[in-house]
Amino acid sequence: MTERTGPREGRFDVDRDHMGRDLVALVLTVVELLRQLMERQAIRRVEQGDLSDGQVEQIGETLMHLEDRMTELCDQHGLQLDDLNLDLGPLGSLLPRS
Amino acid sequence: MTEQPGAPEGATSTYVFAVCRRLDPAVLTGLAGLAEGCPVRGLRCGPLTAVVQHVPAAEFTEDAWQRRLSDRAALEHCARAHHEVVTAAAACGPTVPLALATLYRGDERAREALGADADRFTVVLDRLENHAEWGVKVYVPATARPPSAPASAAPHPGGGSAGGGAGRAYLERKRGLHRAREQHHDRALRTAEDVDAALTRLATATRRLRPHSPEMTGETHRLQILNATYLMRTERVQGLLDAVEGLRQRTGAEVEVSGPWVPYSFAGEV
Amino acid sequence: MSTVQPVPWETPGPLTGPIGVPLVDLLDRVLATGVVISGDLVIAIADVPLVRLSLHALLSSVSERVPAPWSDSGPL
């Protein structure tokens, strides 16, 4: 937990950096959840066989690029894509652990 | 915990660790309990004896507990101190261990309240006689982490349709990973059920506890799939240990057994 | 009255004695979700998370006393 450094306002970069990174991790975790959900849905549709070859190829490429982009974003913020998660206490974690 | 020598009457509460029938006071000597300086002692409540201690009231309010629960070191200290008293008392015979934290405004209140519940306690004490609690935790290896996706995947030689491009190959690969994960998950669940079923047959009572997440264990190489606890007759314990060994061989899972515990998990209405 | 059989609590062992019991296992049992009896003050501890919610920690760290890292008051 970020340590509060007292009632003084402002210029405590350590606090801000910490909070900033927490916030980025949170946002990326939510985005990653959406990405995984979309990927699952795409796989289901492919298995059902109701997509044309062109659609499969397009969706697959898009998801592939999306994964690459997410990996880059994580990298830029010193995070690992596989490590993104949110612990919801009694509900377990937000993303399924591989 | 701070001492409160010569503190006025209202400044202490009575903390209750456990309830039993008979108690040999000697087993409680030297125990610190939750408040240094106040003895851990027996308090007769009708046909029963409660194991109690005076504690500073101010340190055991609702707020104080909430703070304590968020402080890992303080929580550990309390849990172990509580457990030490409970375990010592249980050496004399069947004991109903109480959870953290049961407090009364004073000895008289405690005596009154516990005495009123004497019948319930008697039922539980009868059930716990000649029994101990044994915990079983089962682990399976976590799946191997998938290799990180290369920027352009080579066309995948499997799959149904002709002309596999990079997009389709990506989806095929992901599908394979998901399926492998599901199969591993299903196998793990089946193993957990098998172990629980086998041990439940030997137990007087059983309870499932929440499995420990990787955040709690700090382990990533294995996953806990079962955290169960069994109320066992003393003479059946060897049978449990033998059954566990057999299950280890058969399922290949890691099984950890802990016990004997004073039956915390079976003290309530079961 | 039946004779009471002493149970082997005193059996020394690395994991089963009062000292050295793994903390997680102890907390599983000592922080009961079911309350046995009602004291004057009973802590009804339901699923106390041992690991804080990241979100909770984040939100509680952003308050009037600690300025947000973004320039306007922010949608969050």
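Call a residue buried if 20 or more other C-beta atoms lie within 10 Å of its own, exposed if 12 or fewer, and partly exposed in between, with the C-beta atoms placed from the backbone. What you're looking at is a predicted model, in which local features need pLDDT of at least 70 and side-chain atom pairs count only at pLDDT 80 or more, while totals for chains, interfaces and linings use all residues. Residues are numbered from 1 along each chain as its sequence is written, and chains are lettered from A and ligands numbered from 1 in the order in which they are written.

Let's start with A42(A), which sits in helix α1 (residues 13-48) of chain A; helices here are DSSP runs of H or I with at least four residues, strands are runs of E with at least two, and both are numbered from the N terminus. Because A42(A) has 22 C-beta neighbours inside 10 Å, it counts as buried. Leaving out residues up to four places away in sequence, A42(A) touches I59(A), L63(A) and L171(B), a contact being two C-beta atoms, placed from the backbone, within 7 Å. From A42(A) to E57(A) it's 15 residues in sequence and 11 Å in space, C-alpha to C-alpha.

On to chain B, with its seven helices and eight strands. Of its 270 residues, 39% are buried. Take the contacts in chain B between residues at least 6 apart in sequence: 75% of them join residues at least 24 apart.

Chain B is assigned domain 1 (9-129) and domain 2 (132-266), with bounds from an automatic or database domain assignment. Their centres, taken over C-alpha atoms, are 37 Å apart. Seven residues of domain 1 of chain B are in contact with four residues of domain 2 of chain B. On the domain 1 side, α2 and β4 (95-104) of chain B are the elements that give two or more residues.

Helix α2 (residues 72-90) of chain B also meets helix α1 (residues 23-30) of chain C: their axes come within 10 Å and cross at roughly 70°. The axes are lines fitted to C-alpha atoms, for helices over the stretch in contact, and angles run from 0 to 180 degrees between N-to-C directions. So α2(B) is roughly perpendicular to α1(C), a label for angles of 65 to 115 degrees (under 35 is roughly parallel, over 145 roughly antiparallel, the rest oblique). E76(B), A79(B), R80(B), H82(B) and H83(B) of α2(B) make this contact with L23(C), L26(C), L27(C) and V30(C) of α1(C).
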